[in-house]
Amino acid sequence: MQTNTLGEIKAVAFDIDGTLYRTWKLNIRIIFHFLLHNQFFLKYGLVRAKIRKIPLTGTFKEAQTQMMAEKLHCSPSEAELLLTKIVYAGLSSYFYKIKPYKGSVELIKDLKEAGFKIALLSDFPPEQKGDVWGVKNLCDVVLGTEETGALKPSPIPFNVLAEKLGLPPEQILYVGNSHKYDVVGAKNAGMKAAWLVQPEKGILGKKSKLADITFWKYSQLRELLLGKQ
């Protein structure tokens with residue numbers, strides 16, 4: 001782990017997918033859903049990849065729906081229905097039995113109690129995960145791409161987050177598992193970043209030159225932010 005001027009942090013914001021729970025736990029559960037709609041998900045992935053690279057005209061929802069309609073060769077209204085059925089509502093039920101990362105929820109509760117502002121910033125609607133393992137009610141700000149208007153690593157979602165928190169970016173620590181999207185996006189917006197790596201990589205000493213913190217279990221992040229407890 002490496003740290004740089006963490007003392008000025010006033011808020012800690014978290015990505016959700018792959019950060020508050022292990023991605024493989026979801027992937028196992030949705031395998032049949034994915035296979036049933038594999039062509040849709042492949043096109044959906046291509047659309048999301050394109051959106052990350054281009055400036056959007058109109059709202060994110062409109063742009064995504066229009067691009068999916070073109071990929072699926074259907075009307076925008078039909079594409080919107082399919083997006084809701086297969087992705088947004090379609091994936092919601094799979095989160096109910098997934099357990100969060102060990103120590104993640106406890107850390108968020110203790111950070112809140114210690115006076116930090118807490119936020120969630122995700123590329124997917126946070127409400128898709130219900131109460132997000134009890135974390136949602138503790139948050140000062142909860143944002144998904146539909147509210148921010150852009151996908152990470154665009155600085156736009158992070159700028160919106162800082163504005164909603166009422167803090168300068170340098171006083172916000174963003175925690176995420178994707179170096180390409182979470183760490184790069186947060187740093188480009190002027191925030192501090194904590195990168196959650198897989199345990200096997202952490203044990204082998206995997207680090208980031210860009211992130212302020214590299215960690216592989218939440219007890220490490222706890223010690224850095226709150227000290228030994």
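The charged end of Arg52 sits over the ring of Tyr181, 4.0 Å from its centre. "Over a ring" here means NZ of Lys or CZ of Arg within 6 Å of the ring centre and within 35 degrees of the ring normal. Arg48 does likewise with Phe124: its charged end is 4.4 Å from the centre of that ring.

Some notes on the source. This is a predicted model, with local features needing pLDDT of at least 70 and side-chain atom pairs pLDDT 80 or more, while totals for chains, interfaces and linings use all residues. Residues are numbered from 1 along each chain as its sequence is written, and side-chain values use heavy atoms, leaving out hydrogens and water.

Now the ring pairs. The structure holds eight aromatic pairs. Rings of Phe, Tyr and Trp (its six-membered ring) pair if their centres lie within 6.5 Å; planes under 30 degrees apart are stacked, over 60 edge-to-face, the rest tilted.

Tyr21 and Phe95 are edge-to-face, 5.8 Å centre to centre with 80 degrees between the planes. Tyr21 is in the loop between strand E1 (11–14) and helix H1 (23–29), Phe95 in the loop between helices H5 (76–92) and H6 (104–113), so this pair ties together parts 74 residues apart in sequence. Helices (H or I, at least four residues) and strands (E, at least two) are DSSP runs, numbered from the N terminus.

Tyr101 and Tyr218 form a tilted pair, at 5.9 Å and 55 degrees. Tyr101 lies in the loop between H5 and H6, and Tyr218 in helix H11 (residues 218–226), so the parts they tie together are 117 residues apart in sequence.

Lastly, ring pairs link Phe34, Phe40, Phe41 and Tyr44 into a cluster.
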